Amino acid sequence: METILELKDVKKNYGKKEILKGINLTVQEGEIISVLGPSGCGKSTLLNIIAGILPLNAGQVFVRGKEMSSPHKVVPIEQRDMNMVFQDFALWPHMKARDNIIYGLKVRKTDKAQMQEKLHEVETLLHLEGLLDQYPAELSGGQQQRVAIARALITNPSIILLDEPLCNLDVQLRIEMRTEMAQLFRQLKTTVFHVTHDPSEAFAMADRIIVMNQGVIDQIATPAECYESPRTITVAGLLGAGNCVRGAVMEGPAEAESLEIRAVVSVQNRKLVCKSFQNVKKGQKMLLKFRPEECIFVEKECKNAIPVRVVMSSFEGGQYRVKVETDGGDTFCLLHPTFLKEQQTGYAQILPERLYAYEEISG
Ligand code: ADP
Ligand code: MG
């Protein structure tokens, strides 16, 4: 497989503020990549640098091995063999859907017959039958979205760039469109570089996810790997492991033998076996992160469990979300099939594979 896109140590500042702090990544032909990160972490900045819309302060961008951006040079987007779908679709309001879609072919002076053939192809692919003579204002959000994707696809670019493509659609449509988009791009073997703040969108679309946080890449892995083994506390939080309790290392291997070492952490004098992604030292303070849906409430003492007291149960349709408190004063949530009474005591059990330990950084 050919490497289509490569970024080497890309840095971007606005004034003194570092927005991208040295981004390295590669994208292979036909891959769907999702950059996942909280709002403001630099996703759009990254995308605009890849597209050549923004200059960079350091590093390089390569497309098929050719340098496209460096601090001294920026090749314009028309010469990069890529198209972008913007967050607000950015369709030209004075042009019918048809003219929006074929714009890129017109610029390239494609002949009429070929233009018609390509138009027909994307019309079918994106279910745009009957919509081509409408103006953008006469189309629904989902239809505008399809037109924007058709416009990006029609010139057969090496890469399609998508900036939060679904965030202007309502929830139901968003869920439908993300599956549809993933299906379409897989079928066409299009290389896609997609950015989003929505983990479920990244899960539904991506072959690999790049998790970004404050201008730094925290993890690059398949969706399942990111979910099962979140490398940093930020990735864990983004991917649903919002629960947190404090503990300290009882024992842990001195050297990492594999990438995922097991650490034994004590929480109120109880041994908990966890996944850890770093070398840990005895006595070191740790934060244990886990998901409410991966934690069960049991009445009797059991392995890998923390003693807790119920604070509150709230009905969630089919199950209860139960807030519990530890003797150490940490509170977290778990899901339980039945109502649990306030003050009831028991144990919150989490499997070692789903309990993640991170070094507590003070300050
Ligand atoms: P995201 O797309 O992940 O939400 P952005 O890439 O849009 O994040 O922005 C990253 C950071 O850069 C934000 O803190 C934003 O305020 C800042 N930023 C973006 N554009 C500019 C600009 N033109 N001038 C100064 N700061 C900017
Ligand atoms: Mg953005």
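Serine 44 places a polar backbone atom 2.9 Å from an oxygen atom of ligand 1, a polar contact being a pair of N or O atoms within 3.5 Å. The protein covers 59% of the 560 Å² of accessible area that ligand 1 has on its own, as given by the Shrake-Rupley method with a 1.4 Å probe. This is a predicted model, in which local features need pLDDT of at least 70 and side-chain atom pairs count only at pLDDT 80 or more, while totals for chains, interfaces and linings use all residues. Residues are numbered from 1 along each chain as its sequence is written, and side-chain values use heavy atoms, with hydrogens and water left out.

- The residues around ligand 1, with a heavy atom within 4 Å of it, include Tyr14, Lys17, Ile19, Pro38 and Thr45.
- The elements giving two or more residues to this shell are β2 (17–28) and α1 (43–51), with the largest share, 3 residues, coming from α1; helices (H or I, at least four residues) and strands (E, at least two) are DSSP runs.
- Oxygen atoms of ligand 1 also lie 2.7 Å from a backbone N or O atom of glycine 40 and 2.9 Å from a polar backbone atom of lysine 43.

Tyrosine 347
- Tyrosine 347, found in strand β20 (residues 345–349), is buried because its relative accessible area is 16%, buried meaning under 20%.
- Not counting residues up to four places away in sequence, tyrosine 347 touches, among others, Arg270, Phe297, Glu299 and Pro307, contact meaning heavy atoms within 4.5 Å.
- Asparagine 304 is 43 residues from tyrosine 347 in sequence and 9.2 Å away in space, C-alpha to C-alpha.

Key: Chains lettered and ligands numbered in written order. Polar contact = N/O pair within 3.5 Å; in protein donor to acceptor, adjacent residues only side chain to side chain. Buried < 20%, exposed > 50% of the residue type's maximum accessible area, 1.4 Å probe, protein only.
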